[in-house]
Amino acid sequence: MSLTAVILAAGQGSRMNSDLPKVLHPLAGVPMIAHALAAAAGAGAGRIIVVAGHGIESVRAAVARLEPEAVVVEQAEQRGTGHAVAQALPALPEGPGDVLVLYGDTPFVGAETIAAMEEARARHPLVVLGFEPADPARYGRLVTEGADLRAIVEWRDATAAERAIGLCNSGVMRADADLIRRLVPKIGNANSAGEFYLTDLVALARAEGLAPGFVLCPEAETLGINTRAELAAAEAAFQTRARAAAMEDGVTLTQPETVVLALDTVIGRDAVIGGHVVFGPGVTIESGAEILPFCHLEGCHVAAGARVGPFARLRPGAELGGDVHVGNFVEIKNTILDEGAKVGHLSYLGDAHVGEGTNIGAGTISCNYDGVAKHRTEIGAGVFVGSNTILVAPVRVGDGAVTAAGSVITEDVPAGALALGRARQVTKPGLGARLMQALRAAALSRGAR
Ligand code: UD1
Ligand code: MG
């Protein structure tokens with residue numbers, strides 16, 4: 001079955017009071033629209049069409065990053081949901097299939113719900129996703145009869161009797177592609193808002209003798225985001241669910257309410273995550289790894305048995321092998337640490353490779369950036385990098401080499417060598433005590449004056 005997802009994301013989101021298009025506001029570590037894109041991809045959509053308007057250039061750039069195959073079409077003027085879907089028609093693939101309409105600002109429609117809609121499609125050419133909100137407010141109302149959907153009435157056009165209906169339209173629908181191609185162009189705007197309502201498809205389908213249907217989902221899945229307060233509430237709801245899911249999957253969260261997860265965070269069974277750990281996008285933690293409190297991780301991989309933190313920062317491209325230890329106040333970026341490597345304290349490693357079992361002393365810095373370009377630091381296996389070593393990249397340190405504490409390493413160090421790059425120590429016997437005496441005497445005589 002060929003499925004096309006159409007994601008409506010042209011609205012301005014003016015209640016966000018923001019220069020950033022609403023669907024690009026971060027939610028669970030990713031732009032809000034990433035949730036709908038993931039739902040579409042998860043539903044098996046072979047083509048994804050995003051209808052954008054406000055801030056289309058930045059929406060286009062974000063979509064290209066998140067889902068490179070997706071097509072972005074423009075709806076220059078927002079004349080209603082029906083008009084928005086009409087803009088996607090030229091990008092619909094030819095031939096039989098289904099169209100799934102999602103909203104870019106409604107991030108939590110679940111995979112099971114989408115599957116239930118697919119299943120209902122066997123009985124109805126058009127399936128609308130409904131829900132029964134605690135407060136039906138101004139949602140469109142579903143007028144139903146048994147399993148059939150007779151009409152969707154927008155609140156502003158509804159009679160008092162229709163407004164009394166508790167069953168509401170989420171906006172999500174799934175229909176036969178041929179029906180969409182045939183009927184969307186017939187949607188008019190003769191309503192109190194003067195808008196082209198996608199919901200009119202129900203009446204148009206019934207006029208052809210077809211029988212639209214509906215399925216229901218929990219209200220939490222239809223949560224739409226219009227304000228910053230709703231964004232914060234959505235974030236909280238996501239985190240509550242994601243923490244529970246992680247624990248269900250066998251992850252220990254010692255202080256679950258303080259851990260921040262991202263949409264794509266993957267944590268293996270028996271991993272232990274301490275309090276106040278923040279996961280940005282693109283993190284995978286293997287089974288049994290331990291992340292101690294107050295770490296920030298993004299775009300990185302931590303293998304089984306590794307220990308990270310407290311207070312460590314893993315940035316994109318950090319790859320920690322098995323049993324690696326990264327300790328406090330350590331930052332790792334675009335660096336591979338092979339099995340058993342240790343970076344215990346106060347270090348920065350960027351654009352580097354550290355071989356198996358190598359020990360990186362406290363305060364080690366890879367100077368990867370010369371102000372213009374980034375350069376690599378290659379450190380072999382079984383190396384002992386002395387504390388406070390400055391590695392000026394590009395530079396290589398061979399297997400089994402040692403760098404003396406406090407060295408500035410500007411030249412390659414061959415395997416097995418000892419490299420010293422620091423000033424020689426000078427020791428003057430007795431001078432320390434005499435110096436302090438003189439200083440104290442000077443201070444006393446100043447006090448006497
Ligand atoms: C819509 C439904 C309503 C439903 C509600 C659920 C219609 C006519 N009404 O109403 O039945 O209860 O959603 O939240 O469909 N959009 C565009 N281009 C447009 C108009 C909208 O891309 O021209 C996008 C918006 O960015 C938004 C979504 O479509 O993501 C829904 O638009 P919105 O204006 O919020 O529709 P509602 O009036 O809330
Ligand atoms: Mg709305």
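**View 1. Ala312 stands opposite Val330 in β24.** Strand β21 (residues 312-314) runs parallel to β24, and three bridges join them. Strands here are DSSP runs of E with at least two residues, while helices are runs of H or I with at least four residues, both numbered from the N terminus. Two strands count as paired if DSSP finds at least two bridges between them. Strand β22 (residues 319-320) is also parallel to β24, joined by two bridges, and here Leu320 stands opposite Leu337. With strand β26 (residues 348-354), β24 pairs in the parallel sense over six bridges. In that pairing, Ile332 stands opposite Leu349.

A short note on reading these legends: residues are numbered from 1 along each chain as its sequence is written, and chains are lettered from A and ligands numbered from 1 in the order in which they are written. Because the model is predicted, local features need pLDDT of at least 70 and side-chain atom pairs count only at pLDDT 80 or more, totals for chains, interfaces and linings use all residues, and side-chain values use heavy atoms, with hydrogens and water left out.

**View 2. Ten strands line up in an open sheet.** Follow the strands in their order, β12-β14-β17-β20-β23-β25-β27-β30-β33-β35, and you will find parallel pairing. At the edges stand β12 (252-253) and β35 (418-419); each has a single partner strand, so one side of each is left without a neighbour in the sheet. Within this view, strand β25 (residues 342-345) and strand β27 (residues 359-360) run parallel and are joined by two bridges. Val343 has Ile360 in β27 as its bridge partner.

**View 3. Four side chains make a nonpolar surface patch.** Phe294, Phe311, Phe329 and Leu346 form this patch of about 410 Å². Patches are made of residues with over 30% relative accessible area and no salt bridge, with nonpolar side chains (Val, Leu, Ile, Met, Phe, Trp, Tyr) joined within 5 Å and like charges within 9 Å. Accessible areas come from the Shrake-Rupley method with a 1.4 Å probe, and for residues only the protein chains shown count as cover. To find Phe329, look in the loop between β23 (325-328) and β24 (330-337).

**View 4. Helix α1 (residues 32-42) is mostly covered.** Eight of the eleven residues of α1 are buried. Buried means under 20% relative accessible area, exposed means over 50%, and partly exposed lies in between (1.4 Å probe, protein chains only). The buried residues are Met32, Ile33, Ala34, His35, Ala36, Leu37, Ala39 and Ala40. Just after α1, Gly44 takes a positive phi of about 90 degrees.

**View 5. Ligand 1 is surrounded by 19 residues.** The closest are Gln75, Gly80, Thr81, Glu154 and Asn169. A residue counts as near a molecule if one of its heavy atoms lies within 4 Å of it. Backbone atoms take part too: a polar backbone atom of Gly11 is 3.0 Å from an oxygen atom of ligand 1. For Arg79, a backbone N or O atom lies 3.2 Å from an oxygen atom of the ligand, and for Gly140 the distance is 2.9 Å. The protein covers 78% of the 750 Å² of accessible area that ligand 1 has on its own.

**View 6. Asp98, Glu118, Arg121 and Arg174 are linked in a network of salt bridges.** A salt bridge is a side-chain nitrogen of Lys or Arg within 4 Å of a carboxyl oxygen of Asp or Glu, and the structure holds 13 of them. Arg121 bridges to Asp98, with the closest N and O atoms 2.7 Å apart. This pair links distant parts of the chain, 23 residues apart: Arg121 is in the loop between α4 (111-120) and β7 (126-131), and Asp98 is in strand β6 (residues 98-103). Are Arg121 and Asp98 buried or exposed? Both are buried. Arg174 and Glu118 also meet in a salt bridge, at 4.0 Å from N to O. Arg174 belongs to strand β10 (residues 168-176) and Glu118 to helix α4, 56 residues apart. Arg174 counts as buried because its relative accessibility is 1%, whereas Glu118 is partly exposed, with a relative accessible area of 39%.

Definitions and conventions:
A polar contact is a pair of N or O atoms within 3.5 Å; within protein, one must be able to donate a hydrogen and the other to accept it, and residues adjacent in sequence count only if both atoms are side-chain atoms.
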